[in-house]
Amino acid sequence: MTSNFSNLSLAPQLARAVAEMGYETMTPIQEQAIPVVLQGRDVMGAAQTGTGKTAAFALPLLQRMMKHENASTSPARHPVRALVLLPTRELAVQVAEQVKLYAKYTHLNSAVVFGGMDMKGQTAELKKGVEVLVATPGRLLDHIEAKNAVLNQVEYVVLDEADRMLDIGFLPDLQRILSYLPKQRITLLFSATFSPEIKRLASSYLQDPVTIEVARSNATASTVEQHFYSVDADDKRRALHQVLKTRGMKQAFVFVNSKLGCARLARSLEKEGLKTTALHGDKSQDERLKALEAFKSGEVDLLVCTDVAARGLDIKDVPAVFNFDVPFNAEDYVHRIGRTGRAGASGLAVSFVASSDQRLVADIEKLVKTKIELEPFAFDEAPGEHQRINDGRRMYRQAEDAAPRERQERREPREFRERREAPPHRQAAAPRDPFFDQPYESSVAPDAQPAWEAAAKANPQRSSVSANIKPKKKVAALFKLGE
Ligand code: AMP
């Protein structure tokens with residue numbers, strides 16, 4: 001099998017860009033998808049961000065478009081030929097950045113359009129003529145309606161992170177967009193899950209697709225050291241400080257469940273001397289991009305974020321991920337810890353579990369099909385320090401109160417929704433064991449009774465605590481999932 005880019009016979013302009021990026025060997029998704037896309041077949045791919053998926057579709061599409069390449073400055077000579085749709089602004093920006101790098105030595109233009117920003121700059125870009133247009137669905141429809149984007153010469157469509165687009169409620173927008181495109185085209189659909197909805201979407205819009213599934217790298221799973229510490233809600237910040245200090249962590253993601261909690265925690269940590277920035281859906285687009293850049297450049301050490309703001313972001317080598325709040329959706333746990341231990345680097349994932357979070361831990365346990373043991377957290381700081389950090393106690397209460405409101409906001413109309421948070425995955429999809437090694441595929445009936453509920457019925461005194469969760473001795477002990 002061809003596993004080196006040098007064996008692909010890419011156009012010299014593309015080969016040069018790939019070499020400049022330092023890629024030599026193809027990732028599994030690239031190895032499987034590139035030849036199929038080069039042949040002009042439709043693809044249904046199960047692969048997640050971080051697997052090299054962008055190059056897997058962008059390189060063969062650019063290669064196929066090279067026959068149209070021209071140096072003319074006339075916009076008419078640069079019609080949109082490839083359309084890449086993504087669910088969020090961050091993902092769209094990330095994919096567009098990569099496409100630009102791959103196309104750097106060609107005369108194929110690319111642009112990105114997404115909501116939450118003035119349309120003027122995007123319109124000016126579109127008017128210059130672009131062969132590859134990366135977009136979020138809502139804003140693309142705005143540009144189509146304003147006649148800034150003409151899609152009648154589109155030959156290739158990529159529906160990336162399709163499951164998330166459906167989760168966000170983009171199906172009607174997608175259907176409208178696809179209705180503007182020529183019937184004769186190549187369609188590539190990528191999704192973390194092959195749920196019935198995704199299969200329906202594929203059967204409506206793909207022709208005889210080649211199905212490609214790749215595992216997440218084994219290295220990711222085995223190199224992430226995971227801990228679940230039992231900590232009072234009021235002590236979580238103190239515990240975070242201690243882990244950072246004792247482990248000598250340089251950078252970390254800190255996940256919280258609500259936008260309000262995110263902003264407040266970031267402010268408190270900043271006051272406590274940690275270089276911190278917040279990433280959540282109420283931040284302006286500019287602020288979000290700046291926050292990301294600051295983290296990527298090492299200007300800030302802690303990125304405090306909500307799930308939807310962070311999912312899919314390609315930030316490599318984050319040494320640690322903290323679940324300051326245990327996620328409401330077990331699947332988000334898997335996404336969160338996927339930020340660390342990437343590309344063979346070792347990583348640390350620490351979850352702080354207050355007593356009210358134990359039911360959520362039981363959900364994670366059920367999803368990853370691995371027993372989770374709560375470890376008591378052994379504090380080593382002086383009580384005075386404890387008191388100081390606990391001054392933020394009200395913050396946690398308010399963050400918890402804010403959570404239902406955040407869910408309420410998710411029912412807003414599209415134009416507002418795209419500016420805010422996307423909803424979490426509604427149905428937890430259960431990866432196989434070891435849980436990182438397979439693309440997500442649900443094996444749990446949506447209405448199946450969670451294990452913790454069954455346990456609660458069998459033993460009413462244990463209420464909502466998983467039968468598998470047993471508080472252990474008062475020593476912080478290491479353990480790894482999936483060993
Ligand atoms: P993606 O899954 O497309 O978001 O890619 C994840 C990261 O892997 C990006 O930073 C890419 O630049 C990088 N990458 C993609 N393909 C390769 C490759 N063959 N070798 C090394 N790095 C790659």
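This is a predicted model: local features need pLDDT of at least 70, side-chain atom pairs count only at pLDDT 80 or more; totals for chains, interfaces and linings use all residues.
Trainee: How many residues of strand β13 are buried?
Mentor: Seven of the seven residues of β13 (residues 347-353) are buried, so the strand is largely enclosed by the rest of the structure. Buried means 20 or more other C-beta atoms lie within 10 Å of the residue's own, with C-beta atoms placed from the backbone; 12 or fewer is exposed, and in between is partly exposed. Strands here are DSSP runs of E with at least two residues, helices are runs of H or I with at least four, and both are numbered from the N terminus.

Trainee: Which strands pair with β13?
Mentor: β8 (residues 224-230) pairs with β13 in the parallel sense over seven bridges, and β12 (residues 320-323) runs parallel to β13, joined by four bridges. Pairing here needs at least two DSSP bridges between the strands. S230 has V353 as its bridge partner in β13, and F322 has V350.

Trainee: What's the strand order in the sheet?
Mentor: The open sheet has seven strands in the order β10-β11-β9-β12-β13-β8-β14, with parallel pairing. Its edge strands are β10 (276-279) and β14 (375-376), each pairing on one side only.

Trainee: What packs on the sheet?
Mentor: Helix α12 (residues 259-271) does, touching β9, β10 and β11, and its direction makes about 175° with that of β10. Helix α15 (residues 330-337) packs there too, touching β8, β9, β12 and β13, at about 155° to the direction of β12. Touching, or contact, means C-beta atoms, placed from the backbone, within 7 Å. Axes are lines fitted to C-alpha atoms, for helices over the stretch in contact, and angles run from 0 to 180 degrees between N-to-C directions.

Trainee: What about F255, buried or exposed?
Mentor: F255 counts as buried because it has 28 C-beta neighbours inside 10 Å. F255 lies in β9 (residues 252-255) and stands opposite C305 in β11. Leaving out residues up to four places away in sequence, F255 touches several residues, including V321, F322 and R336.

Trainee: How far apart are F255 and S351?
Mentor: They're 96 residues apart in sequence and 9.3 Å apart in space, C-alpha to C-alpha.

Trainee: New topic: how do α2 and α3 cross?
Mentor: The axes of α2 (residues 28-38) and α3 (residues 53-65) come within 8 Å and cross at roughly 25°. The two helices are therefore roughly parallel to each other; that label is for angles under 35 degrees, with over 145 roughly antiparallel, 65 to 115 roughly perpendicular and the rest oblique.

Trainee: Which residues meet there?
Mentor: Among them are I29, A33 and V37 in α2, and F57, L61 and R64 in α3.

Trainee: And the protein overall, how many helices and strands?
Mentor: It has 20 helices and 14 strands, and buried residues make up 49% of the 483 residues.

Definitions and conventions: Residues are numbered from 1 along each chain as its sequence is written. Two residues are in contact if their C-beta atoms, placed from the backbone, lie within 7 Å.
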